[in-house]
Structures are given as C-alpha cells and as structure tokens.
Amino acid sequence: MEFQRDCPQVLREFLSYDETIRGQSPRTISEYYLDLRMFFRFMKLIKQDMPYNTPLEEISIRDVDLNFIRSITVTDIYDFLSYLANDRTPEPDRPAGDAGIGSAARARKLSAIKAFFKYLTVRTKQLDENPVQDLEFPKLRKSLPKYLTLEESQRLLEAVQGPNAKRDLAILMIFLNCGIRRSELVGLNLSDVYEDRIRVVGKGNKERIVYMGSSCKRAIDDYLVERRKTTLSDDRALFGSRDGNRISVSAVHRLVKKHLLAAGLDATQFSAHKLRHTAATLMLSGGVDVRTLQEVLGHEHLNTTQIYTHIENTELKIAAEANPLSKIPLKKADS
C-alpha cells in the first residue's frame, strides 16, 4: 500500500492493525497515514530546531520511533492544532485569505492522532501515558446538509441523455432511491443485485441490504441488458467506464455534475453525496422512521441520522406556513 513507501515501523504496525484487526477500509487507512504523516512532520519540525518555514513535505518521518513518540506532550499537540487552524494552507474551496484549515478537517486529524495513541497505550501497551486522552475535538459548525427537492430530483432524472444514458440513469436512481455512498456505488458487483434489492459493502466492510423502489428496479433492469453485452477488465463490476474498467469515484463525480448542469441545477452546490442527503430527506418526509433510515444509510450511530429530523421539522414548518389559514387575522375569543 502507499503508506509503506515512507512509513516508520511503529506507524506501519498501527495501520496494519487497523486494517486487519479492526477492519478499517483502505480509504480510512490512507487518510490515517496522511494525517499522521503530517503530524509527525510537524513534531520533527518543532522538536529538532528546524527553521519554522521548512516545508513539511521535505521532512522525512522514516526515523520516527517509540522514543520520539514518547517525547510528544499535550502542549506539542496543541501547537499542531494551532498550526492547522492558523497557518496550514486552506482547502481550495475556502474563501481567499481565510487562513488555516476548517474545524472538520482538524477534527479528522485529531481523530487519527487519538486512535494512534489509544493503540499504543490501550491495545499494545507500548506507552504508559496518552497525551491526547482528554483533548477535546474542535467545535464543529452545525449546518443542515443540502439536498434536492422532489421536483429538482425529477428534473435531474429527466435530463439524463447521451451514449451512457441507461448507466447514468441507473446510477442516479440508486443514489436518489437507495441513498448509498459514492464509494459504495463504485464497489457494487453484478452479483450484488438481487431482484428488488442490492447488497452494499459500507464503512468498515460492513454489509447491508438496501431495497430498490419499482422505478429504480426498472432503471437497473434496463441497464443490465446493456451491461451484459459489455466486457470489462473487472467483469464482476456492476458499472463500467468508457475505458473498459470498473467505474471510478472521479468518473461518478463528473457524470453527476454533468447531469446537474443539463437539468439547470447548480452543480457547485450539489454532488453525489448531496444525492444521498436527498434520498434520506425524501424518505423521512415520506414517513420512514429515523431508525429504519439509519439502517438504510448504514450509519453506525443514530445521532448521525438524526440531523435529517431537523430538515424534516423545517419542511413541516414551511408546510404549515403555506396553509392560507395560517395568515388570516383572528378575533380574540370571548372568555
């Protein structure tokens, strides 16, 4: 894997443990490696008296060992979090001049650090003290996820055309009907489709069954007639690309943006992930209870799913205000 090219032994063992014992996905392992690599580069920067303007990308972490890690204090970690918040190059989609990276990205990096030190202190007992045990996560700004309305969803589906129309319609229908993740969609195999349901492998390699509505099933069935005439390099794949390979995450991203534009929708505001939010919102507004929605979406914790109840409450308020009787003046009732 990628992390093995520039990875100290202690970090390699942690990543292997998370992958093989805890069953973390390759994507999570890759993110842990990148976050911890940045963390160790910064630790070396401040602990080895390097010039503060030394680019982190030029600092090797291959010599990081248990003695070095044992020297890291909670103050060092606060310095790292301060660097992320104030000095680190911001993400491309953040406003110009807005220094540092966002709280969600900082929280993800701290999560990786916490997992690493928990592994060293609790799982393998290589360290006696955990400097991040009581460290709080950055406060996240709570915002409701964006989603398409029912009318906008219909416009999107009706706008699908072109040489891959059946494939693209099937993909969009799965997103909007089943609410699966983009990474889950690209991993679907032909053998995962069972009549009116699909088998989905989610985060942590956890499997779940998601049922398709009748319209989604028709779209899949129409596409399967075309798919079975096609040979791919990985012939197990449900969805393929023009080059004959399994469809990629980036290809799915592009096709979603393409059809959003064709439907006259703002492609900068919506994405494949927003289609997942749309499916969740439409299910909830259609009467699905939150615990059932949790199973459909593959959320480990119910509080992750409960954000959609705020959307539902907002829609109910809008519906109440739309009633003409909500605005008529009333006389005071006689007591």
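**Close-up views of a predicted model**

View A. Phe116 is buried, with a relative accessible area of 0%. This and every other value here comes from a predicted model. Phe117, the next stop in this view, is buried too, and its relative accessible area is 0%. Together Phe116 and Phe117 make an edge-to-face aromatic pair, with 5.7 Å from centre to centre and 75° between the planes.

**View B. Phe39 and Phe80 bring two helices into one picture.** The structure holds eleven aromatic pairs. In the one shown here, the ring centres of Phe39 and Phe80 are 5.2 Å apart and the planes stand at 75°; an angle over 60 degrees counts as edge-to-face, so this pair gets that name. Phe39 belongs to helix 2 (residues 26-47) and Phe80 to helix 4 (residues 74-86), so to speak a link between distant parts of the chain, 41 residues apart.

**View C. The aromatic rings gather in a cluster.** Step back from the two pairs and a wider group comes into view. Phe14, Tyr17, Tyr32, Phe39, Phe40, Phe42, Phe80, Tyr83, Phe116, Phe117 and Tyr119 form one aromatic cluster.

**View D. Strand 2 and strand 3 form a hairpin.** Strand 2 (residues 197-201) pairs with strand 3 in the antiparallel sense, over five bridges. Across the pairing, Arg199 stands opposite Ile209 in strand 3. Five residues lie between the strands of this hairpin, where Gly204 takes a positive phi near 70°.

View E. In soluble globular proteins, nonpolar side chains tend to be buried together. The largest nonpolar core here has 49 residues, and Ile174, Phe175, Leu185, Ile198, Ile220, Phe239 and Val256 touch the most other members. Elements giving two or more residues to this core include helix 7 (165-178), strand 2 and helix 10 (249-262). Helix 7 supplies the largest share, eight residues. Leaving aside residues up to four places away in sequence, Phe175 touches a list of neighbours including Ile180, Leu185, Val252, Val256, Leu275 and Ala279. Another core, of 40 residues, lies apart from this one, and Ile29, Met38, Met43 and Phe116 are among its members.

Note on methods: Residues numbered from 1 in each chain as written. Predicted model: local features only at pLDDT ≥ 70, side-chain atom pairs only at ≥ 80, totals over all residues. Heavy atoms only, no water. Phe/Tyr/Trp six-rings, centres within 6.5 Å; stacked < 30°, edge-to-face > 60°. Helix = DSSP H or I, 4+ residues; strand = E, 2+ residues; numbered from the N terminus. Buried < 20%, exposed > 50% of the residue type's maximum accessible area, 1.4 Å probe, protein only. Pairing = 2+ DSSP bridges. Core = buried A, V, L, I, M, F, W, Y, C linked by side-chain atoms within 4.5 Å. Contact = heavy atoms within 4.5 Å.
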